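Reader: Could you walk me through this structure with questions and answers, taking the terms slowly as they come up?

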Amino acid sequence: MAYINNAAILRSLSCASFSLYYSMSAAASHLEVDDPALAEHCELELGWQQPRSDHARPQFNATTTCSRNQWEWHLGLASNANDAIREEQAEVGIKLPLNLSSYSDSGSDSDRQQDDWHSAVVINLQKNLDNGNGFATEAFGIVGKTLGDSDVSLYANLGFTHEFNESTQLLAGIAATYELSSHHRVIAELYQKELSEAAYQFAYQHTPQRQLQLELSLGNALRGNALQLGADITFYFGH
């Protein structure tokens, strides 16, 4: 899941805690707050994150996402390595749209699109491949809206995550995106995930062509003690 013009999909970076258990659903971005839109066809995202700390371990991930018959699925793998220590996590998930409309039958198609409230439900299963623990489950709802004729869109997520033999934790976040042009956009988000403290993140996305997207991101905990950099490249297929 990713930004394709207005088909925005945000997600995937644990900025405040450097555990490997972070969401890879809605691929093609390291951002945490997801957009309700589905991938147009199929995507392949290759990403890198680098925590800025004395014990930082670079994180690499690869995720493929496809949509079919009004629903979306994704499959991802993340690797976190440092010297002799290596962790790997796999994730599989689906996104189901729940379209909410706030427009009447009158008006143009563009007016209807801008007045729509869009929503979706996401369910993810995660498994750490280096231990015998069970699956972790993540489920949340998404709402999003474009503000009138502006190039600003707002999104919000609310749900929970539950790991094996652990208590259920809150997952919540809000994000705003601004379309600088058809090929450039910036994103800001604020989120709380699992046991990590609240964190923020900024990202810049460049789409030089319909088959390619580049992203740079910078995030940190609100207390300023968990700075993390990210970069990825996304390839789109089927356009």
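**A buried arginine and its surroundings**

Author: Arginine 185 has a relative accessible area of 0%, so this residue counts as buried, where buried means under 20% relative accessible area, exposed over 50% and partly exposed in between (1.4 Å probe, protein chains only). The model is predicted, so local features need pLDDT of at least 70 and side-chain atom pairs count only at pLDDT 80 or more, while totals for chains, interfaces and linings use all residues. Residues are numbered from 1 along each chain as its sequence is written, and side-chain values use heavy atoms, with hydrogens and water left out.

Reader: Which residue's side chain meets that of arginine 185 in a salt bridge?

Author: A salt bridge is a side-chain nitrogen of Lys or Arg within 4 Å of a carboxyl oxygen of Asp or Glu. For arginine 185 the N to O distance is 3.2 Å, and the partner is glutamate 179.

Reader: Is glutamate 179 buried or exposed?

Author: The relative accessible area of glutamate 179 is 13%. Because buried means under 20%, glutamate 179 is buried.

Reader: How many residues apart are lysine 95 and aspartate 34?

Author: The side chains of lysine 95 and aspartate 34 meet in a salt bridge at 3.0 Å, N to O. This pair links distant parts of the chain, with lysine 95 in strand E4 and aspartate 34 in the segment before strand E1 (42-51); strands (E, at least two residues) and helices (H or I, at least four) are DSSP runs, numbered from the N terminus.

Reader: Which parts of the chain does the salt bridge of arginine 210 and glutamate 40 tie together?

Author: The side chains of arginine 210 and glutamate 40 meet at 3.1 Å, N to O. The pair ties together parts that are 170 residues apart in sequence, because arginine 210 lies in the loop between strand E10 (199-209) and strand E11 (212-221), and glutamate 40 in the segment before E1.

Reader: How many helices and strands does the protein chain have?

Author: Read along the sequence, the pattern is β-β-β-β-α-β-β-β-β-β-β-β-β. The secondary structure of the protein chain therefore comes to these DSSP runs: 1 helix and 12 strands.

Reader: What percentage of the residues in the protein chain is buried?

Author: The protein chain has 239 residues. Buried residues, like arginine 185 with its 0%, make up 44%.
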